[in-house]
Amino acid sequence: MSAQLRALVILALALMRSLVARVSGRPTGLPLFLENYRDDRLPPVGPDDRDAMPAFSGCVACGLCDRGEGERIAASRGEYPGLMRLVLASSRSMPDFDAAARALAHVPDAVLAEKEAVCPTSIPFRRLARFVRDKASPAL
Ligand code: SF4
């Protein structure tokens with residue numbers, strides 16, 4: 001059997017399985033994704049999320065966004081490690097988004113806007129914070 005024919009057979013079988021699942025009321029598509037990945041805390045991402053995500057990854061670890069954050073870091077009692085570590089670590093791993101959201105709760109949006117102005121790679125801190133909070137939602 002040629003590779004193309006084999007691929008067509010596999011696709012046809014997958015389509016039939018999916019149609020049977022729908023008719024029988026079993027979850028498919030997004031509900032199935034949510035069911036499969038809820039325990040791993042991996043929420044789905046939509047087209048808007050995918051458009052925004054590349055802008056979150058440009059950090060060059062210059063540390064400028066951590067200037068003036070000492071008081072907030074100390075007051076957070078370990079929840080907030082500073083913006084640079086948020087951008088480089090917990091905000092890059094969806095299962096860690098609940099911790100990232102707790103950390104971001106220590107930084108007002110007005111401060112995030114100020115940090116956007118000093119970041120040399122234009123990390124959109126407010127957009128990143130919204131993304132993290134949305135995906136950390138227990139309403140998964
Ligand atoms: S200012 Fe921007 S590039 Fe520098 S550490 Fe912060 S997020 Fe990264």
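Is D109 buried, partly exposed or exposed, and with what relative accessible area? D109 is partly exposed, with a relative accessible area of 39%; buried means under 20%, exposed over 50%, and partly exposed in between (1.4 Å probe, protein chains only). This is a predicted model, in which local features need pLDDT of at least 70 and side-chain atom pairs count only at pLDDT 80 or more, while totals for chains, interfaces and linings use all residues. Residues are numbered from 1 along each chain as its sequence is written, and side-chain values use heavy atoms, with hydrogens and water left out.

**Domains**

- The protein chain is divided into domain 1 (1-37) and domain 2 (45-135), with bounds that come from an automatic or database domain assignment.
- The centres of the two domains, taken over C-alpha atoms, are separated by 38 Å.

- M1, L5, L8, V9, L11, L13 and M16 make a nonpolar surface patch of about 740 Å².
- Patches are made of residues with over 30% relative accessible area and no salt bridge, with like charges joined within 9 Å and nonpolar side chains (Val, Leu, Ile, Met, Phe, Trp, Tyr) within 5 Å.
- Accessible areas come from the Shrake-Rupley method with a 1.4 Å probe, and for residues only the protein chains shown count as cover.
- One of the patch residues, L8, is found in helix α1 (residues 3-23) and is exposed, at 56% relative accessible area.
- Helices (H or I, at least four residues) and strands (E, at least two) are DSSP runs, numbered from the N terminus.

**Helix α8**

- In helix α8 (residues 125-135), the buried residues are F125, L128, A129, F131, V132 and K135.
- These residues cover an arc of only 160 degrees around the axis, so they lie on the same side of α8; the arc is that of the directions from the helix axis to the C-beta atoms.
- An α-helix has 3.6 residues a turn, so residues three or four places apart point the same way.
- The cover over the buried residues of α8 includes α3 (47-52), α5 (83-88), α6 (97-104) and α7 (109-118).

- D49 lies in helix α3 and is buried, with a relative accessible area of 12%.
- Leaving aside neighbours within four places in sequence, D49 is in contact (heavy atoms within 4.5 Å) with P44, R127, F131 and K135.
- D49 forms a salt bridge with K135, the closest N and O atoms being 2.8 Å apart; the rule is a side-chain nitrogen of Lys or Arg within 4 Å of a carboxyl oxygen of Asp or Glu.
- D49 is in helix α3 and K135 in helix α8, so this pair ties together parts that are 86 residues apart in sequence.
- D49, R127 and K135 are linked in a network of salt bridges.

**Other salt bridges**

- The count by this rule comes to eight salt bridges.
- D109 and R133 meet through their side chains in a salt bridge at 3.8 Å, N to O.
- D109 belongs to helix α7 and R133 to helix α8, so the pair ties together parts that are 24 residues apart in sequence.
- R133 is partly exposed, with a relative accessible area of 32%.
- E69 and R72 form a salt bridge at 2.8 Å, N to O; E69 is buried at 0% relative accessible area, whereas R72 is partly exposed at 25%.

**Loop residue L64**

- L64 sits in the loop between α3 and α4 (70-75) and is partly exposed, at 31% relative accessible area.
- Not counting residues up to four places away in sequence, L64 touches V118 and P120.
- The C-alpha atoms of L64 and V118 are separated by 7.0 Å, with the two residues 54 apart along the chain.
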